[in-house]
Amino acid sequence: MVKEPARILIVGGGYVGMYTALRLQRKLKRGEAHVIVVDPEPYMTYQPFLPEAAAGSISPRHVVVPLRRTLSKCQVVIGEAMAIDHAKRTATVRTLATREDGTGALEVHYDELILAPGSISRTLPVPGLADYGIGFKTVEEAIGLRNHVLEQMDIASSTRDPAVRDAALTFVFVGGGYAGVEALAELENMARYAARYYHNIEPDDLKFILVEASGRILPEVGEEMGRYTLRALRGRNIDVRLDTRLESCADRIAVLSDGARFPTRTLVWTAGVKPHPILAATDLPLNERGRLKCAATLAVEGVEHAWAGGDAAAVPDLTAGEDGKECAPNAQHAVRQTKVLARNILAALRDQPLQEYKHKYVGSVASLGLHKGVAHVYGRKLKGYPAWFMHRAYHLSRVPTFNRKARVLAEWTLTGLFKREIVSLGSLENPRAEFELAADTGRRPDAS
């Protein structure tokens with residue numbers, strides 16, 4: 001009797017989902033298994049490049065990796081997993097066609113489940129945040145923010161109202177972790193450069209404010225390098241406020257816990273992430289933070305045929321030397337976990353012993369704008385140009401596929417030879433506005 005191929009369902013096409021699927025399609029024998037990848041987007045976003053994409057150093061299309069082309073031997077389903085019943089080995093998936101054909105969500109059956117949906121922005125009930133806040137987790141948000149910043153400079157250049165000008169040139173970033181600091185540093189660098197092309201805007205007219213609730217920024221690079229980053233940002237006339245929270249941003253006025261008030265048309269929220277909602281819509285065990293309880297083998301504890309990695313998984317850190325310590329939910333662990341995850345899936349299919357995930361965190365690198373950076377790697381501390389170069393070299397080596405590596409390297413080379421691009425393509429966010437205006441529908445393009 002011919003054995004039916006096992007059905008492996010991977011929920012999420014990010015770091016863990018895409019890399020695991022890529023390894024499986026290379027290692028699986030013909031007819032051994034059928035891999036299904038479900039993700040709302042047809043691409044994987046390499047998030048460390050988002051700040052550079054926002055600053056115009058990298059084209060947006062080179063920050064993403066197309067899933068269908070990369071995972072040519074897998075079935076890629078563009079849709080969102082709404083619920084998972086692991087007891088019945090089924091996942092409820094809503095696709096783009098769900099509303100169109102009226103047949104309802106798909107029921108996807110599987111034998112092995114890999115949960116890797118990543119995380120979403122962690123927001124707080126701050127008045128006005130839902131109305132005026134801008135996130136920074138997707139390539140769409142990064143490019144939208146770049147367009148928005150340049151549009152604000154256009155507004156400031158043409159307005160006759162000093163209050164409007166001041167608000168347009170004030171940029172508030174909330175969150176002093178990687179996303180917040182790198183996004184702020186790259187965009188500040190880009191915006192002050194762009195100011196030279198405006199006849200009535202000087203670089204010092206732009207006001208950048210970083211708000212962090214704790215007493216330090218960039219904790220990932222260590223305390224000493226964090227202090228250096230703080231000095232470097234303040235030396236660039238960036239107002240960094242520690243031990244400060246955003247109390248409100250209603251009516252486009254950022255009100256801080258220290259009493260400061262900043263009229264602003266730009267508020268970027270990067271204050272942490274939380275587990276993806278799909279985890280709560282499963283019958284799998286979660287810890288107190290809403291992440292899946294996993295063993296060191298990356299198998300979900302207490303159940304069979306369920307696996308997880310990355311932000312979704314609470315994986316014990318075997319290198320920490322203390323009980324209860326978990327691997328940090330970052331890209332360094334996520335990419336390395338995929339090797340063990342793919343190997344253990346194959347081992348489970350072939351009745352072989354499983355391997356435990358063990359990796360000692362080697363450090364971090366961060367970009368602070370063009371030719372500026374900070375790094376703490378293997379105990380060595382670097383800053384300035386060497387750290388920036390290490391940041392680029394490391395992430396160039398990690399971005400998936402040779403195609404993307406070559407394109408990113410070519411763009412960096414061209415950027416070094418020619419001037420920065422400072423064009424805003426804000427109309428991309430509302431592409432039908434011009435046609436609607438021509439068709440005299442009575443509707444007008446949305447104001448910035």
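# Close-up views of a predicted protein model

**Figure 1. Val 172 in strand S11.** Val 172 sits in strand S11, which covers residues 170–174. Strands here are DSSP runs of E with at least two residues, helices are DSSP runs of H or I with at least four, and both are numbered from the N terminus. The model is predicted, so local features need pLDDT of at least 70 and side-chain atom pairs count only at pLDDT 80 or more, while totals for chains, interfaces and linings use all residues. Residues are numbered from 1 along each chain as its sequence is written, and side-chain values use heavy atoms, with hydrogens and water left out. Is Val 172 buried or exposed? Val 172 is buried, because its relative accessible area is 1%. The classes are buried (under 20% relative accessible area), exposed (over 50%) and partly exposed (in between), with a 1.4 Å probe and protein chains only. Not counting residues up to four places away in sequence, Val 172 touches Ile 209, Val 211, Ala 254, Thr 264, Thr 266, Leu 267 and Val 268. A contact means heavy atoms within 4.5 Å. Phe 208 is 36 residues from Val 172 in sequence, and their C-alpha atoms are 6.1 Å apart in space.

**Figure 2. Cys 294 in a loop.** Cys 294 belongs to the loop between strand S19 (292–293) and strand S20 (306–308). With a relative accessible area of 2%, Cys 294 is buried. Which residues are in contact with Cys 294, leaving aside its neighbours within four places in sequence? They are Ala 299, Val 300, Glu 301, Ala 308, Ala 313, Ala 314, Val 315 and Pro 316. Between Cys 294 and Trp 307 there are 7.7 Å in space, C-alpha to C-alpha, and the two are 13 residues apart in sequence.

Figure 3. Glu 80 and Arg 94 form a salt bridge, and their closest N and O atoms are 3.5 Å apart. This pair links distant parts of the chain, 14 residues apart: Glu 80 is in strand S5 (residues 75–85) and Arg 94 in strand S6 (residues 90–95). A salt bridge is a side-chain nitrogen of Lys or Arg within 4 Å of a carboxyl oxygen of Asp or Glu. Side chains of opposite charge can pair when their charged atoms come close. Glu 80 is partly exposed at 30% relative accessibility, and Arg 94 is partly exposed at 38%.

Figure 4. Arg 227 and Glu 223 meet through their side chains in a salt bridge of 3.3 Å, N to O. Both residues lie in helix H9 (residues 223–235), 4 residues apart, which is about one turn of the helix. Arg 227 has a relative accessible area of 41% and is therefore partly exposed, whereas Glu 223, at 52%, counts as exposed.

**Figure 5. Further salt bridges.** The side chains of Glu 247 and Arg 245 form a salt bridge, with 3.4 Å from N to O. Glu 247 is partly exposed at 38% relative accessibility, and Arg 245 is partly exposed with a relative accessible area of 47%. A network of salt bridges links Glu 188, Arg 192 and Arg 236. How many salt bridges does the structure hold? The structure holds 12.

**Figure 6. Two residues with positive phi.** Most residues other than glycine have a negative phi. Asp 251 is not a glycine, yet its phi is positive, near 55°. Asp 251 is in the loop between strand S14 (246–248) and strand S15 (253–256), and at 65% relative accessibility it counts as exposed. His 371 is not a glycine either, and has a positive phi of about 65°. His 371 is placed in the loop between strand S22 (363–367) and strand S23 (373–377). With a relative accessible area of 42%, His 371 is partly exposed.

**Figure 7. The setting of the close-ups.** The protein has 13 helices and 24 strands. Buried residues make up 50% of its 448 residues. Its C-alpha atoms fill a box of roughly 80 × 60 × 45 Å, taken along the principal axes. Among the contacts in the protein with a separation of 6 or more, 66% are between residues 24 or more positions apart.
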